[in-house]
Amino acid sequence: MFKTNNVASRIFERQIRTPAPGTSVHCARRFYENLVPSFTIYDVECPDHSFRKFTDDGQYFISFGRNHQDLIVYRPTWLSFSCKEEDCDNTHELPSKAKRFESFFTQLYVKSLASCNEHICKDFFLYMESNRFGIFATSTAAQIQDAPAVDGAIQGIPSIEKITFHLLRLEDGVILDEKVFHNDYVNLAHNTGVFLYDDLLAVVSLRYQTIHILQIRDFGNLVDVRAIGAYCREDDELFINSSSQLLGNRGDLVDNGIHHDQPNSNNSFLSGIKQRLLSFIFREIWSEETDQTQRVQSLKKKFYFHFPDYIDLMIWKVQFLDRHHLLIKFGSVDGGVSRNTDQHPAFFAVYNMETTEIVAFYQNAADELYLLFEHFCDHFHATSINSLYMNFISSHSNNIHALEQLKCMKIKATNFSQFVKKMLSSLPFNCQSMSPSPYFDQSLFRFDEKV
C-alpha cells in the first residue's frame, strides 16, 4: 500500500480508500507513523508525587502522594503547544510555561485511601476498561516475617495485618467498595498476586494458599464468587464437616466395644487443589503404560519417589486464561516470596473452575508448554474480546518481527533447556503489564526493549 509521511495525504487517502474488513483499527494506528515523539522537555516543574501510569485509553494519569496515603488523578490536556516553522526540532523554543507540569495535565481530584497506620501500595493498580473503575490497594506497613502458622497458614510466609483493595470510580474518585484481608500476604508488586479479566478478579493469598475469585458488578460492588484452595466446590466444607461429625458420633461407641478406630483430630487433609493436582499426576502416569508391571514401576519412579516434593508445592501465581480456566504456577515456599524465582523449580497447571479439575500439568522446562507459548502467546495474555486496546499488543505469535527476535534468541542460546526455563519464567503474565500503545507495535516501529 502507498505510504507517505504527509498527514494531509494520509487523511485524503483514508477518504478515498476503504480498508479491508477487520483492518480499520490497524489502518488508523498507522497514522502514528506520522506522529513520532521527537522532542524532549527537560527540567519540568513537577509536583512531588510518585507517578504510576496512564490508563490504557489515555484519559487518566495515576499518581500517589509522597505521604503514601493520597491518590492523585490527572487528565492529560494533550496538544498544548505547536510550531509552524520548518525545523521545529532544532530551532524552535517553547514558552516558559511549557516547563510546568500544569501545562500538560489537569488535576481531577485528590483522594485519601489509607489511614494513619496504612500506606498505598504504589506498585499496584488495575484498570477496568468497560466501567472506568480503578482497583487500588493499601496495607499496614509492618510485615511479620516469622508469623506463626495458625488456622491453615503456611510456615515461612510473612504476614501483613491488613490488606485492603479499594474499588474506585475514576471519573470522580468515589470509593464504591472494599475487600479486606486480615493477617494475610498478597504479592502486590507489579500486580503479581492479582489478576483482572473482564469483571472477574483473582487474588492469591500466599499465606493461606487460597485463590479468591471476586466479581465486579456494574454498579461497583465486589462480590465473592468462590475460593479455591482448601476447598474447590462451594459445598466441600459442608460435606467434610458433616462427615467429621458423623465419625465423631461413631467414636462415642468405643466404650461399648463396637468401634475401635477413633478419628484423630490432629490429622489434616491435603487441600482440595492439592488433591486435584496429585490425582491428575497419578492418572497421567497410570495411563502412560498398559502393562501392569511397567505401570507400577513407572508410578514408583515418577509419582511415589517425588510424592514429598509434590506435597510441598505451593501456589505462587495465577492468571486467567478465560472465564473458566486458570493458569496456576506452583513451586517451593522459598520461591513464593523470592523476587527472583528463576533458580527455583516450578510447575504449571491449568485448572477448570467449573469442573474443579486439573486439565494440564507441566514442568517449567517442558518443551510442550514452550511450543504452546511460542505459537499461541496471545492466549496467555488473556485479554477481553471486548477490549478496544489490549488486543493490539505485539507478540511473537502475531508479529513476524517479534518472532524473528525470538528465533535469534533461541539460536544464540547455548542450553535449550535453560532457554525454555527463561522464556516460561514470565508465566503467568502480570496483569496489565503490557502496553497497547502504537509506539510499541512492532509492525509500525522498531525499538530496543532493553532501553
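This is a predicted model: local features need pLDDT of at least 70, side-chain atom pairs count only at pLDDT 80 or more; totals for chains, interfaces and linings use all residues.
Me: Could we step back to the chain? How many helices and strands does the secondary structure come to?
Reply: The chain has 451 residues, and 40% of them are buried. It exposes about 26,100 Å², with carbon and sulfur atoms supplying 51% of that area. As for the secondary structure, it comes to 12 helices and 18 strands.

Me: Among contacts with a separation of 6 or more, what percentage comes from residues 24 or more positions apart?
Reply: Here we count contacts in the chain with a separation of 6 or more. A contact means heavy atoms within 4.5 Å. Residues 24 or more positions apart account for a share of 56%.

Me: Which residue in the turn between β13 and β14 has a positive phi?
Reply: Strands β13 (residues 210–216) and β14 (residues 222–228) run antiparallel and are joined by six bridges. One of the pairs is Q215 with its bridge partner V223 in β14. The two strands form a hairpin with five residues between them, and the turn residue with a positive phi, about 95°, is G220.

Me: Where is N187, and which residues does it touch beyond four places away in sequence?
Reply: N187 sits in the loop between β10 (174–184) and β11 (194–197). A polar atom of its side chain lies 3.4 Å from the backbone nitrogen of A189. V203 is 16 residues from N187 in sequence, and their C-alpha atoms are 9.3 Å apart. Leaving out residues up to four places away, N187 touches T192, G193 and L206.

Me: Which residue caps the N-terminal end of α6?
Reply: Helix α6 covers residues 292–304, and R295, S298, L299 and F303 are buried in it. What covers these buried residues includes α5 (272–288) and α7 (307–311). At the N-terminal end, a side-chain oxygen lies 3.1 Å from the backbone nitrogen of T293, and the capping residue it belongs to is D291.

Me: How many residues of strand β15 are buried?
Reply: Strand β15 spans residues 314–320 and is mostly covered. A hairpin joins it to β16 through four residues. β15 and β16 (residues 325–331) pair in the antiparallel sense over six bridges, and Q319 has L327 as its bridge partner in β16. The count of buried residues in β15 is seven of seven.

Me: Why is strand β17 described as largely enclosed by the rest of the structure?
Reply: A residue is called buried when its relative accessible area is under 20%. In β17, A346, F348, V350 and N352 point one way, while F347, A349 and Y351 point the other way, and all are buried. Strand β17 (residues 346–352) is therefore largely enclosed by the rest of the structure, with a buried count of seven of seven residues.

Me: Which residue in β18 is the bridge partner of V350?
Reply: β17 is joined to β16 by seven bridges, and the two run antiparallel; there, K329 has F348 as its bridge partner in β17. Six bridges join β17 to β18 (residues 357–363), which also run antiparallel. In the hairpin of β17 and β18, with four residues between the strands, T356 takes a positive phi near 60°. In β18, the bridge partner of V350 is A360.

Notes
Residues are numbered from 1 along each chain as its sequence is written. Side-chain values use heavy atoms; hydrogens and water are left out. Buried means under 20% relative accessible area, exposed over 50%, partly exposed in between (1.4 Å probe, protein chains only). Accessible areas come from the Shrake-Rupley method with a 1.4 Å probe; for residues, only the protein chains shown count as cover. Two strands pair if DSSP finds at least two bridges between them. A polar contact is a pair of N or O atoms within 3.5 Å; within protein, one must be able to donate a hydrogen and the other to accept it, and residues adjacent in sequence count only if both atoms are side-chain atoms.
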